[in-house]
Each structure stands twice: as structure tokens, then as C-alpha cells.
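Here is a briefing on a single model. Look at the sequence and structure first, then read the notes by topic.

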Amino acid sequence: SGAAAPARAWGGATDRVDARGGMGAEAGPLSKLSTTGVAAAAAAAILAVQAYRRWRSEPRNVSYQWRIWPFGHLHLVAKGLDKCRQHDEITKAFEELQTETYYLDIPLQPPIILTVDPKNIEHILKGNFDNYPKGNLFGPRFNDLLGDGIFNADGALWHSQRKTSSKMFTANKFKNHIWKVVDKNSAKVVELLRSTKEGETVDMFNVLNRFTLDSIGEIGFGAGVGSLEHADSPFLASFDRAQQICMLRFVVPGWRVFRLLGLGTEWGTQKHVGALRGYARTIVKDLKGDLEGEAGNSFVGLFMKSGEATSDKLLEDLVLNFLIAGRDTTAQAMGWCLWEIMQHSCVEEKILEEAAKVMGGQAMTYDMINKLEYLDAVIRESLRLHPSVPLDGKEAAADDTLPNGTWVARGSTVAWSAYAMGRSTRLWGEDAAAFRPERWLEMSSPPDAYTYAVFHAGPRECLGKRLAMVEMKALLLLIVKEVQLTLAVPAEEVRPDFQLTIGMSTGLPCHARPRA
């Protein structure tokens with residue numbers, strides 16, 4: 001027993017040597033050190049691999065603003081989100097860096113290359129089209145809302161939808177179906193405005209959204225939405241909130257976790273997306289029961305007849321895709337156009353002069369639309385400064401080099417800012433920031449679609465461009481002709497929204513006075 005005591009004193013309970021001469025199950029310091037070392041080495045290896053991947057994917061030959069490690073440019077994103085000034089901040093960055101292409105680094109997101117160079121945009125949208133799909137950039141983030149619809153699809157699925165959609169915009173459909181819907185709903189809007197009490201404030205942005213929603217509902221799937229008669233539809237609020245949620249996924253690290261738990265920026269996702277999905281299911285059900293009637297000639301009705309929509313889920317996706325395309329972009333374009341007109345009385349006077357000349361005291365007809373040259377210039381000028389889709393992008397499928405020399409790694413996001421392009425003095429001259437419709441009448445030829453990218457460009461150019469212009473000309477002319485609108489708040493208090501499209505977070509508060 002005397003010999004055993006020193007051994008216990010030296011080794012203690014944790015360092016007991018077993019009969020086989022090895023360390024026992026409770027052996028500690030060396031074993032723990034070994035485990036810790038392996039864990040640390042593994043963590044270091046993972047970090048090294050991630051660091052290499054991040055280094056390898058960083059764009060080259062491109063400018064960027066100062067970064068804060070490890071948050072990258074997250075501080076600039078946060079600054080832009082304040083009061084929804086993200087597009088102004090993007091424009092400011094181009095000016096400060098004195099460049100047409102720069103790099104935005106956001107943690108846990110792929111590298112983002114932003115450009116306003118028309119040659120880069122043509123390369124992305126046309127020259128190397130197959131290398132720049134929607135990919136994982138848009139697909140997962142908008143899947144809840146858009147699913148496999150035309151605006152979220154790639155490849156063969158997109159191509160087949162595009163082919164069928166192109167059949168919807170024939171001259172016959174415009175004259176005999178689309179125009180009747182637009183004309184009827186334009187008259188409803190004017191009647192609503194003329195009945196507004198003196199001194200009462202009307203949110204024109206809300207009215208315009210209801211007009212386009214009712215119009216696309218009837219044109220797109222033969223449904224009478226009735227929002228012009230019922231202003232308080234919860235459907236409208238869900239439509240806006242669902243888009244905001246999807247847009248935040250581009251800048252919020254770890255959004256998938258929030259989505260899974262229904263927390264943070266994903267609070268309300270199931271409620272709002274569920275409301276839209278429920279509406280789409282009702283539309284599809286009603287259409288199936290009326291394919292032989294007028295609804296069968298609607299956009300979604302044509303898809304049903306063609307047999308290309310292989311499931312009810314895809315039909316629901318198409319309904320929501322057409323709703324976004326037909327409601328949001330056109331309403332927002334008209335909202336910002338009216339905002340500009342109300343600040344430029346000389347523009348309003350010229351619109352009235354053209355109306356008198358073209359209409360000659362008669363009611364508006366479809367054949368008069370193409371004769372409204374000045375109003376056309378007003379709308380195009382407003383879209384230059386307030387493009388309905390201010391920022392758009394694609395994912396690089398393989399490594400590439402843009403025409404300006406910027407190297408792009410596969411998996412990177414390449415985006416172009418139509419908003420910043422419209423304010424570029426290099427593209428539009430020293431008065432680029434000014435609202436001056438006359439510039440369009442002074443041009444010997446209009447700019448190409450890669451310089452004026454408000455309707456997208458290349459194979460995915462906006463199919464509804466003509467429909468949007470018909471709606472805007474018809475309604476804007478009728479409003480200006482029949483009602484004098486004035487802003488009910490200072491112009492600078494009307495702020496954009498944070499969505500895929502450039503809405504009005506504040507609405508467009510106006511006073512309406514019927515003209516004599």
C-alpha cells in the first residue's frame with residue numbers, strides 16, 4: 001500500500017493506467033487536447049475552403065466601395081433601405097466611383113456586379129443569353145409567389161410559355177377585346193374622380209392599382225375582380241407585402257432560416273402568399289368551367305386550351321405572374337407619370353392641346369392611340385426616370401468576361417440598374433435628371449433597348465409592352481382631360497417602395513377637381 005500512494009498522487013483519478021498499459025476511458029488532458037486540435041483543424045480547413053471559394057468568385061477588373069470585414073457592403077445596403085432610397089444609393093455609388101460597373105459584397109450571398117454599361121447589358125441579355133439565366137438568383141427567392149411562371153422560369157419551360165404568350169397580343173385581340181376592357185375601366189376611374197368631394201384627398205396610386213388589377217383580371221383570365229368598386233380588398237395588401245418579403249431575400253443573410261421559422265422578415269409569408277394562392281386557385285377553377293365562353297379567350301384560357309399547362313399548380317403560377325405583370329408595372333408607371341405631370345403645368349397644357357387636336361371633341365377610340373405623339377413622349381420620359389423594374393439581374397452559369405473587361409465567376413449575380421441608367425449624364429446629357437418630354441421628339445432615332453432598358457431587352461423583352469402603352473395612354477389622357485389633379489402633399493414626400501417594381505410606399509395623395 002505504501003507503493004500505491006505515490007502512483008495515485010502522481011497520476012490521480014483521471015490519468016489511471018490500465019492493465020494493458022494504455023490510458024483509461026477517463027484519460028483527459030492529452031486526449032482532450034487531441035480532440036480539440038482535430039476540431040480546430042477541421043474548422044480551419046472549412047474556413048480556408050470558404051475563403052478560397054469567396055476569393056475565387058470575387059470579380060476582377062472592377063471598382064467597389066470600401067468594405068467592413070466581415071460584413072462587406074452590408075452597411076451600404078442598410079443605408080439604402082432607409083426610407084426606400086436603395087435606387088438613389090446605387091445611382092450615387094456609380095457617380096462616386098466614376099464607373100459604369102461596380103461590385104457589391106453582401107455576406108452569405110453570391111458576388112453582385114452592378115452595371116449601367118449598355119454594351120454589358122446587351123452581352124447579358126442577348127450576346128451571351130444562355131449563360132445568364134434566372135438561375136438560383138430569382139428562382140428560390142420568388143418561388144413562393146411566382147412558382148414556375150414565365151417570369152421565374154428558364155430554359156424549355158420559359159420558352160414554351162413565351163411562345164404561347166406571344167399569341168395573346170394580336171391586332172384583332174387589341175381592337176376587339178383588350179380595348180373594350182381598357183375603355184370601360186378608364187371611364188370608371190374618371191367617374192370615381194369626378195365624384196370626389198371638394199377638399200377630399202384621393203390616393204391616386206391606389207386607384208391606378210385597382211384599375212390595372214381589374215383590367216388584367218378581365219383580359220388575363222376573364223375574371224371580374226371588382227376592385228374599382230371595392231377599394232378595401234385585403235388581396236391588394238397581400239399582393240404588396242408578398243413582393244416585399246421576396247425582395248428582402250436578396251439582401252437578408254440566412255433568409256431561408258427565417259422562412260422556415262416564420263420569423264423576422266418572413267413574418268406573414270404564409271398568410272400573404274396563402275391569400276394570393278387561394279385567389280389563383282379560385283380563378284383556375286372558374287376558368288375550367290367556362291373555357292367555351294369569353295373566358296376561354298383570356299391569356300390563361302389560351303394556356304388551358306393549348307395543353308401546355310400540365311397541372312393546376314402551373315396554371316396558378318401563371319395567374320400570379322400575369323397579375324404582377326399586368327397590375328404593378330403599369331400602375332406604377334402611371335403613378336410616377338402623374339407625379340411628374342402635376343409638377344409641370346406646361347406639360348399638362350400640351351397634353352390637353354394634343355387631346356383637342358386628336359379627339360376633336362369626340363370620344364376616345366383605339367385608332368387615336370398611335371396619334372398621341374406628345375403623350376407618348378411624356379410616358380417614355382417618365383419611364384426613363386422611374387422605370388417600373390428599376391433593378392434586374394441574372395446569374396452567371398459559367399465564368400465570363402463582360403465587354404468592359406470585368407471578369408465574372410460562375411454563380412455570380414450580374415445586375416443592371418435601369419434607374420441609374422436613366423440618370424446617367426453620359427447616356428442622356430447634362431440635363432439627365434430633368435423631366436423633359438421634348439427630348440424624345442428631338443431625337444433623330446430612339447435609343448436602343450440596351451440603353452433604354454425599361455422594357456427589358458433581348459429574347460426576354462417585355463411581351464406586354466404594347467398593352468401597357470395602350471392602357472397608359474388611354475387612362476392618362478382621359479384623366480388629364482376630365483380632371484385637374486394637384487398633389488395634396490409636397491412632391492418630395494412621395495416615396496418609392498421596396499419591391500421588385502418601383503411602387504409608392506406613401507401612396508399618391510391628390511386633390512381632384514372636375515374640369516368644366
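Helices (H or I, at least four residues) and strands (E, at least two) are DSSP runs, numbered from the N terminus. This is a predicted model: local features need pLDDT of at least 70, side-chain atom pairs count only at pLDDT 80 or more, and totals for chains, interfaces and linings use all residues. Residues are numbered from 1 along each chain as its sequence is written, and side-chain values use heavy atoms, with hydrogens and water left out.

**Confidence**
- pLDDT is the predictor's confidence in each residue, from 0 to 100.
- The chain has a mean pLDDT of 87, with 90% of its residues at 70 or more.
- Residues 1-25 have a pLDDT below 50. Beyond near neighbours in sequence, this stretch still has 14 contacts in the model (contact: heavy atoms within 4.5 Å).

- A nonpolar core is a set of buried Ala, Val, Leu, Ile, Met, Phe, Trp, Tyr and Cys residues joined through side-chain atoms within 4.5 Å. Buried means under 20% relative accessible area, exposed over 50%, and partly exposed in between (1.4 Å probe, protein chains only).
- The largest such core holds 138 residues. Phe 221, Leu 323 and Leu 508 have the most contacts inside it.
- Helix 14 gives the most to this core, 15 residues.
- Thr 329 sits in helix 14, which spans residues 312-341.
- A polar atom of the Thr 329 side chain is 2.8 Å from the backbone oxygen of Ala 325.
- Neighbours within four places in sequence aside, Thr 329 contacts Ile 324, Ser 388, Val 389 and Thr 501.

**Annotated cysteine**
- UniProt, in an unreviewed entry, lists Cys 462 under "binding site". UniProt positions follow the numbering used here, feature names are shortened, and annotations may be inferred rather than shown by experiment.
- Cys 462 is in the loop between helix 19 (438-442) and helix 20 (465-482).
- Its relative accessible area is 33%, so Cys 462 is partly exposed.
- Setting aside neighbours within four places in sequence, Cys 462 contacts Phe 455 and His 456.

**Backbone geometry to check**
- Trp 69 and Pro 70 are joined by a cis peptide bond, with omega about 0 degrees. Pro 70 is in the loop between strand 1 (63-64) and helix 3 (74-81).
- Gln 98, not a glycine, has a positive phi near 50 degrees. Gln 98 is in the loop between helix 4 (86-97) and strand 2 (101-104), and is exposed at 74% relative accessible area.
- Leu 108, also not a glycine, has a positive phi of about 65 degrees. Leu 108 is in the loop between strand 2 and strand 3 (112-115). Leu 108 counts as exposed because its relative accessibility is 73%.

Note on methods:
A polar contact is a pair of N or O atoms within 3.5 Å; within protein, one must be able to donate a hydrogen and the other to accept it, and residues adjacent in sequence count only if both atoms are side-chain atoms.
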